[in-house]
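Visitor: I am new to this protein. Please take me through one part of it closely, and show me how that part sits among its surroundings.

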Amino acid sequence: MRIAFAVGALLIVVALVTAAGGRALAHRTAGMAAEAERLRGVPDGSLDRAVPAPLWRELASAPGTTVVSMVEHDAFHATREAYDAAAPVYTQMFRDTLRDRPLDRAALGAFAEVVRAHGNDRVADLGCGPGHVTAHLDGLGLSACGVDASPAMITTARQAYPGLRFDVGSMAALDIADGELGGVLSRWSIIHTPPQELPPILAEFHRVLAPGGHLLVGFSATDGPSHPTQVFDHTVAPAYRWSPDHLAAMLRACGLAEVARMIREPQPTDRRQFQEVHLLARKA
């Protein structure tokens, strides 16, 4: 599933309200739409600080809105349900997310170039959300499709980009043939995966890649190499940061060798002071 960079205000709003109950969700839809319009164009890493403090306090005090209550549910289903609820306004907030992120565009451009150079331009955007990054890959000359666990997100993507293919699916069991793809993009789509469940997903990435194919994975880094993983304060479901070295070692164990990595330092005004990592790996 795509989890956009530093999951923003919208998703937290919807997830918390969903946990509190359906009545609250209906009550707050209009307010969320107005807030989304105000926040359009705010870089992903800045969304948290753009949400008014009273709104954070209101959400945090809503009945039943605790991280612990979400932990009690299966991570996959809890996250899928939250993104289903969030899809319309999430799309409005994030559809222009790449516009103000030149380093992200550069990473995606390099990924597209190495995929095309290998001769197999078929790419899957895993955790594609509303499909805007899939469309960006298509614009870079790739034959791109999107996969997301959220049916609502896939519906939104199909409506926005009718010329592209989008499917509901799980990263742990992709409906893609062995060795079919020249590239796999996993852009913040692994953050809700518990650490013990990640190796099979990485193995699935390896399975669907052709020999010589490339994986680009985006994620938030831990505070240092002494922390292989760290939970962070995401209210939709448990979310995890990864040590770049540790994740690179896990990829190596699956037959995916690191080619390059790009690390973006947090800005002083970012609510979460996490490094953002793009790691490019190649299947032997």
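Guide: Start with helix H11, residues 244-253. This is a predicted model. Helix H11 lies across strands E5, E8 and E9. Its direction makes about 160° with that of E8.

Those strands belong to an open sheet. The sheet has 7 strands, in the order E3-E2-E1-E4-E5-E9-E8. Its pairing is mixed. Strand E8, residues 256-264, is an edge strand. The other edge strand is E3, residues 165-168. Each of the two pairs on one side only. Neighbouring strands in the sheet are turned by 15° against each other on average, direction ignored.

Move to strand E5, residues 209-220. Strand E4, residues 181-187, runs parallel to E5. The two are joined by 6 bridges.

Helix H7 covers residues 102-118. H7 touches E1, E4, E5, E8 and E9. Strand E1 is 122-126, and strand E9 is 276-283. The direction of H7 makes about 170° with that of E5.

Now follow the chain out of E5. The loop between E5 and strand E6 holds Thr222. Is Thr222 buried or exposed? Thr222 is buried, because its relative accessible area is 8%, and the cut-off for buried is under 20%. The side chain of Thr222 reaches the backbone oxygen of Gly224, at 3.1 Å. Further along the sequence, Thr222 touches several residues, among them His227, Pro228, Thr229 and Gln230. Arg241, Trp242 and Ser243 are also touched by Thr222.

E7 pairs with E6, in the antiparallel sense, over 4 bridges. Strand E6 covers 229-232. Within this pair, Val231 stands opposite Tyr240.

Next, look at the loop between E4 and helix H10, where His192 is found. His192 counts as buried because its relative accessible area is 7%. His192 and His234 are 42 residues apart along the chain. Their C-alpha atoms are separated by 9.1 Å.

Another buried residue is worth a stop. Thr134 is found in helix H8, residues 132-139. Its relative accessibility is 0%, so Thr134 counts as buried. Beyond its sequence neighbours within four places, Thr134 is in contact with residues including Asp125, Cys128, Leu164 and Phe166. Ala144, Cys145 and Gly146 also contact Thr134. Val147 is 13 residues from Thr134 in sequence, and their C-alpha atoms are 9.4 Å apart.

Helix H6 runs over residues 75-94. A straight helix of 20 residues would span 28 Å, at 1.5 Å a residue. H6 spans only 23 Å between its end C-alpha atoms. Look for a kink of about 70° at Ala87. The kink lies shortly before the proline Pro88.

Finally, step back to the whole protein. The secondary structure comes to 11 helices and 9 strands. Buried residues make up 53% of the 284 residues. Of the contacts with a separation of 6 or more, 71% join residues 24 or more positions apart.

Note on methods. Residues are numbered from 1 along each chain as its sequence is written. This is a predicted model: local features need pLDDT of at least 70, side-chain atom pairs count only at pLDDT 80 or more; totals for chains, interfaces and linings use all residues. Side-chain values use heavy atoms; hydrogens and water are left out. Two strands pair if DSSP finds at least two bridges between them. Axes are lines fitted to C-alpha atoms, for helices over the stretch in contact, and angles run from 0 to 180 degrees between N-to-C directions. Contact means heavy atoms within 4.5 Å. The expected span of a helix is 1.5 Å times one less than its number of residues. The bend at a residue is the angle between axes fitted to the seven residues ending there and the seven starting there. Buried means under 20% relative accessible area, exposed over 50%, partly exposed in between (1.4 Å probe, protein chains only). A polar contact is a pair of N or O atoms within 3.5 Å; within protein, one must be able to donate a hydrogen and the other to accept it, and residues adjacent in sequence count only if both atoms are side-chain atoms.
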